[in-house]
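Let's take a friendly walk through this chain, from its overall build to its aromatic rings.

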Amino acid sequence: MHRYFHEDGSQTADPGDKVWGGHECCYSIVTSVVGEGKIREHYVRINRCWPHMLVSRKKDWGWEMSNILYCYSSVPDGHRVGGTGHLLLCV
């Protein structure tokens, strides 16, 4: 399954994805700051009702967002028009 997180905060799936269901979905990046500019929390929220998604880097410099229920992992798509990057192999 592929999910696409767009710059405008929307999230979509591939056309014809039977799991997606065609519903509206959005995400936001949340940063809580406490005194002296220190970050207390930094996470991604999907549809305001999902558990917080923590963002981390993978060994191949891709991205992973996960929580207790879900895990999203970026895929190299530099070969596609409008792709987000190339594959960086770890040796």
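**Contacts, core and rings**

Residues 24 or more positions apart make up 11% of the chain's contacts with a separation of 6 or more, a contact being heavy atoms within 4.5 Å. This is a predicted model, where local features need pLDDT of at least 70, side-chain atom pairs count only at pLDDT 80 or more, and totals for chains, interfaces and linings use all residues. Residues are numbered from 1 along each chain as its sequence is written, and side-chain values use heavy atoms, with hydrogens and water left out.

The chain has seven strands and zero helices; these are DSSP runs, with strands (E) of at least two residues and helices (H or I) of at least four, numbered from the N terminus. Of its 91 residues, 21% count as buried, meaning under 20% relative accessible area, with exposed over 50% and partly exposed in between (1.4 Å probe, protein chains only).

Now look inside. The largest nonpolar core has nine residues, including Ala13, Trp20 and Tyr72; such a core is a set of buried Ala, Val, Leu, Ile, Met, Phe, Trp, Tyr and Cys residues joined through side-chain atoms within 4.5 Å.

Which residues form an aromatic cluster? They are Phe5, Tyr27 and Tyr72. Ring pairs (Phe, Tyr and the six-membered ring of Trp) need centres within 6.5 Å; planes under 30 degrees apart are stacked, over 60 edge-to-face and the rest tilted. The count comes to three aromatic pairs. Phe5 and Tyr72 have ring centres 5.2 Å apart and planes at 85 degrees, so they are edge-to-face. Because Phe5 lies in strand β1 and Tyr72 in strand β7, this pair ties together parts 67 residues apart in sequence.
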